[in-house]
Amino acid sequence: MTQIQVLKFSSEECGTCHRMSHYDSKVIEELGLNFISVMLQDTQTYRKYRKVLLAKYPNKEGMGWPTYLLVKDLDSDFSIIGEIKGGHPKGQFREMLKQIIS
């Protein structure tokens with residue numbers, strides 16, 4: 001089975017992003033997914049994953065803070081299989097992830 005990567009696009013100035021960071025990576029890893037944090041201020045990491053973000057949001061319109069993109073085959077011809085935008089309580093976040101991967 002192809003490993004699913006969850007890219008979290010966030011910003012240091014985003015309060016919701018910070019609140020989600022208390023549990024998002026734990027929940028993602030509990031579900032057997034791989035978590036990658038992409039802070040807009042971390043230019044090296046952002047440049048590496050920018051193509052994934054722009055595939056979904058060519059001009060960044062409509063994305064939420066944070067935006068989680070669930071991606072298969074990240075290192076080749078990747079495909080985005082789902083997304084979660086904005087802040088959610090831990091249990092709801094877990095259920096949203098489960099729905100996407102089921």
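Which residue of β2 does F9 stand opposite? The residue is V38, and the legends below place this pair in its sheet.

**Basis of the views.** This is a predicted model, in which local features need pLDDT of at least 70 and side-chain atom pairs count only at pLDDT 80 or more, while totals for chains, interfaces and linings use all residues. Residues are numbered from 1 along each chain as its sequence is written, and side-chain values use heavy atoms, with hydrogens and water left out.

View 1. Four strands, in the order β2-β1-β3-β4, make up an open sheet with mixed pairing. β2 (34-39) and β4 (79-85) are the edge strands; each has a single partner strand, so one side of each lacks a neighbour in the sheet. From one strand to the next the twist averages 20 degrees. Strands (E, at least two residues) and helices (H or I, at least four) are DSSP runs, numbered from the N terminus. Two strands count as paired if DSSP finds at least two bridges between them.

**View 2. Pairing of β1 with β2, and the helices on the sheet.** Strand β1 (residues 4-10) pairs with β2 in the parallel sense over six bridges. Helix α3 (residues 43-56) packs on the sheet and touches β1, β2, β3 (67-72) and β4, its direction making about 100 degrees with that of β2. Helix α4 (residues 90-101) also packs on the sheet, where it touches β1, β3 and β4; its direction makes about 160 degrees with that of β4. Axes are lines fitted to C-alpha atoms, for helices over the stretch in contact, and angles run from 0 to 180 degrees between N-to-C directions. Contact means heavy atoms within 4.5 Å.

View 3. V6 lies in strand β1 and is buried, with a relative accessible area of 0%. Buried denotes under 20% relative accessible area, exposed over 50%, and partly exposed in between (1.4 Å probe, protein chains only). Leaving aside neighbours within four places in sequence, V6 is in contact with I28, L33, N34, F35, I36, Y68, L69 and L70. Of these contacts, I28 lies 22 residues from V6 along the chain, with a separation of 7.5 Å between the C-alpha atoms. L70 is the bridge partner of V6 in β3.

**View 4. Strand β3 between its partners.** β3 pairs with β1 in the antiparallel sense over six bridges, and the pairing of β3 with β4 is likewise antiparallel over six bridges. Five of the six residues of β3 are buried, so this strand is largely enclosed by the rest of the structure. Towards β4, V71 has I80 as its bridge partner, and L69 stands opposite E83. The hairpin of β3 and β4 has six residues between the strands, and D73 in this hairpin takes a positive phi near 55 degrees.

**View 5. The disulfide of C14 and C17.** A disulfide, defined as a pair of cysteine sulfur atoms within 2.5 Å, joins C14 to C17 with an S to S distance of 2.4 Å. By this rule the count comes to one disulfide. The link of C14 and C17 is right-handed, with 85 degrees about the S-S bond. C14 is buried at a relative accessible area of 13%, and C17 is buried at 3%.
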